[in-house]
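Subject: Structure handover

Hi,

Here is the structure for you to work with.

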Amino acid sequence: MRHVIAILIENEAGALSRVAGLFSARGYNIESLTVAPTEDPSLSRMTLVTRGSEDVVEQITKQLNKLIDVVKLIDLEDIVHIERELMLVKIKTTDKIREELRSVVEIFRGKIIDVTPTSYVIEMTGTSDKLDAFIATLDKNSIIEVVRSGATGISRGEKGLHL
């Protein structure tokens with residue numbers, strides 16, 4: 001089962017390495033990982049996506065909580081949350097397909113952010129499933145490059161991951 005774990009972690013050198021080391025030492029995979037400072041410059045928020053049974057994820061969260069750099073964490077899969085990912089896609093274009101491609105981008109609520117005579121760069125945000133669906137609509141031979149941020153998420157309502 002897929003789990004999105006949000007972690008408040010001390011904004012210090014080596015903190016990310018210790019989290020990644022915990023996963024690799026136990027043979028767990030990190031599907032995606034995003035990290036950025038919070039409103040408190042001494043803390044960063046890490047959003048980590050992994051897969052595993054309930055027992056495996058429970059073990060992961062217990063081990064993460066033991067790390068000295070981890071201040072607090074929450075498994076967002078246990079609560080109602082909003083999840084997004086950013087993707088940039090560079091696509092080869094021709095005059096023939098430009099209008100059709102603009103229509104598909106509009107349907108998926110994306111933006112064309114760069115245009116050259118032979119390519120478009122498209123920006124899209126949404127769930128991982130939405131981004132996967134957009135990629136599936138494209139001709140694989142037309143894709144030059146795909147860059148994805150990995151998932152990030154936040155709980156709905158007044159509750160939040162904070163001190």
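Below is what turned up, from the overall fold down to single pairs.

Ground rules first. This is a predicted model: local features need pLDDT of at least 70, side-chain atom pairs count only at pLDDT 80 or more, and totals for chains, interfaces and linings use all residues. Residues are numbered from 1 along each chain as its sequence is written, and side-chain values use heavy atoms, with hydrogens and water left out.

Overall fold. The protein chain has four helices and nine strands (DSSP runs, numbered from the N terminus: helices are H or I with at least four residues, strands E with at least two). Their order from the N terminus is β-α-β-β-α-β-β-α-β-β-α-β-β. The C-alpha trace spans about 55 × 30 × 30 Å along its principal axes. Of the 163 residues, 37% are buried (under 20% relative accessible area; exposed is over 50%, partly exposed in between; 1.4 Å probe, protein chains only). Take contacts (heavy atoms within 4.5 Å) between residues at least 6 apart in sequence: 73% of them join residues at least 24 apart.

Leu76 sits in the loop between β4 (70–75) and β5. Its relative accessible area is 1%, so Leu76 counts as buried. Leaving out residues up to four places away in sequence, Leu76 touches Val4, Ala6, Arg45, His81, Gly153, Ile154 and Ser155. Val4 is 72 residues away along the chain, yet the two C-alpha atoms are separated by 5.4 Å.

Salt bridges. There are eight (a side-chain nitrogen of Lys or Arg within 4 Å of a carboxyl oxygen of Asp or Glu).

- Arg18 and Asp69 meet at 2.4 Å, N to O. The pair links distant parts of the chain, 51 residues apart: Arg18 is in helix α1 (residues 15–26), Asp69 in the loop between α2 (54–66) and β4. Arg18 is partly exposed at 36%, whereas Asp69 is buried at 3%.
- Glu58 and Lys62 pair with their closest N and O atoms 3.2 Å apart. They are four residues apart in helix α2, so about one helical turn separates them. Glu58 is partly exposed at 40%, and Lys62 is partly exposed at 45%.
- Lys90 and Glu145 pair at 3.7 Å between the closest N and O atoms. Lys90 is in strand β5 and Glu145 in strand β8 (residues 143–148), so the bridge ties together parts 55 residues apart in sequence.

Best wishes
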